[in-house]
Amino acid sequence: MVKVLFEKDGHLGRITINRPDQLNCFDYETLALLGETVESIQADKEVRAVIITGAGEKAFSAGADLKERRTLSEKEVRRNVRTIRDVFTAIEELPQPTIAAINGYALGGGLELALACDFRYAVSDALMGLTEVSWAIIPGAGGTQRLSRLVGTSRAKELILTARRIDANKALDIGLVNEVFEREQLIDAANSLAKEIMSNGPLAVTQAKYAINHGNNVDIHTGLAIEAKAYEVIIPTEDRIEALEAFKEKRPTNFKGK
């Protein structure tokens, strides 16, 4: 069984962690395959949005494969932690917007994967948590950093230090997820969001994401400078002129990502 699936539907890319019998946990092979997939997406100008989900109906991902972890040396544990951290950072840094379709458990590294995405849509019966301290470790794939930036320092400490699991509605209440859906609606909702994003100028979308991500944790003057440079990239593009011409001619736009 291929542990990571990738398919393209027009300009939409879909990644599926494909270990349903193991709750889509991450062993080293899965992480390596996910990293290769992300690298290929980063270089693919035809992909304009990405949905990430888990196979089956039980889990988005329940995190690290603890059965594998018990067999690893300390050196191999460090390798795995470094790899998962690097892969999730690569997902965060993709130029294309990313949507986590959380279809079940999102625990430990599974939730850290969702945190690395731009948007998080969850099924109503999903359970989420950074549960690492209950295993006498800490979140090592960005969880201590991304969760606090998303929901605030005090709330992040509460969730991480208690290893608490929360349901989708609580996650929505604290701003951890964007929306909650019934199971049969989840993928359609993620597809709809991706379609809405992809209807816009693809270069403008990537530059707007870049400006937000890189300006988020700097002072306002530095952030404004980042925004100005991102805007400069857009000015000479064909898509910017196409948008003006389409408006003039009262017709739909035909963006080419140029």
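User: Where does Trp 135 lie?

Analyst: In this predicted model, Trp 135 belongs to the loop that runs between β8 (127-129) and α5.

User: Is Trp 135 buried or exposed?

Analyst: Trp 135 is exposed, because its relative accessible area is 55% and exposed means over 50%.

User: Which residues make the nonpolar surface patch?

Analyst: Trp 135 makes the patch together with Leu 66 and Ile 137, and the patch covers about 300 Å².

User: Changing topic to pockets: what volume has the largest pocket?

Analyst: The volume of the largest pocket is about 840 Å³. Its lining consists of 26 residues, and those nearest the centre are Glu 92, Asp 118, Lys 209, Ile 212 and Asn 213.

User: Which element gives the largest share of that lining?

Analyst: That is α9, with eight residues. At least two lining residues come from each of β7 (119-123), α5 (143-151) and α9 (202-215).

User: And how many of the lining residues are nonpolar, polar or charged?

Analyst: In the largest pocket, 12 are nonpolar, seven are polar and seven are charged.

User: What about the second largest pocket, how much space lies there?

Analyst: The second largest pocket holds about 620 Å³ of space. It is lined by 31 residues, with Ala 62, Gly 63, Ala 64, Asp 65 and Leu 66 closest to its centre.

User: Which elements each supply at least two residues of its lining?

Analyst: For the second largest pocket these are α2 (66-69), α3 (74-92), β6 (105-107) and α4 (109-115). By type, its lining divides into 17 nonpolar, seven polar and seven charged residues.

Technical notes: Residues are numbered from 1 along each chain as its sequence is written. This is a predicted model: local features need pLDDT of at least 70, side-chain atom pairs count only at pLDDT 80 or more; totals for chains, interfaces and linings use all residues. Side-chain values use heavy atoms; hydrogens and water are left out. On a 1 Å grid over the protein atoms alone, a cavity is a set of points where a 1.4 Å probe fits but cannot get out, and a pocket is an open set with protein on both sides within 12 Å along at least five of seven lines; lining residues have an atom within 4 Å of a point. Grid points are joined across faces, edges and corners, and a volume is the space filled by probe spheres set on the points. Helices (H or I, at least four residues) and strands (E, at least two) are DSSP runs, numbered from the N terminus. Ala, Val, Leu, Ile, Met, Phe, Trp, Tyr, Cys and Pro count as nonpolar, Asp, Glu, Lys and Arg as charged, and the others, Gly among them, as polar. Patches are made of residues with over 30% relative accessible area and no salt bridge: like charges are joined within 9 Å, nonpolar side chains (Val, Leu, Ile, Met, Phe, Trp, Tyr) within 5 Å. Accessible areas come from the Shrake-Rupley method with a 1.4 Å probe; for residues, only the protein chains shown count as cover. A salt bridge is a side-chain nitrogen of Lys or Arg within 4 Å of a carboxyl oxygen of Asp or Glu. Buried means under 20% relative accessible area, exposed over 50%, partly exposed in between (1.4 Å probe, protein chains only).
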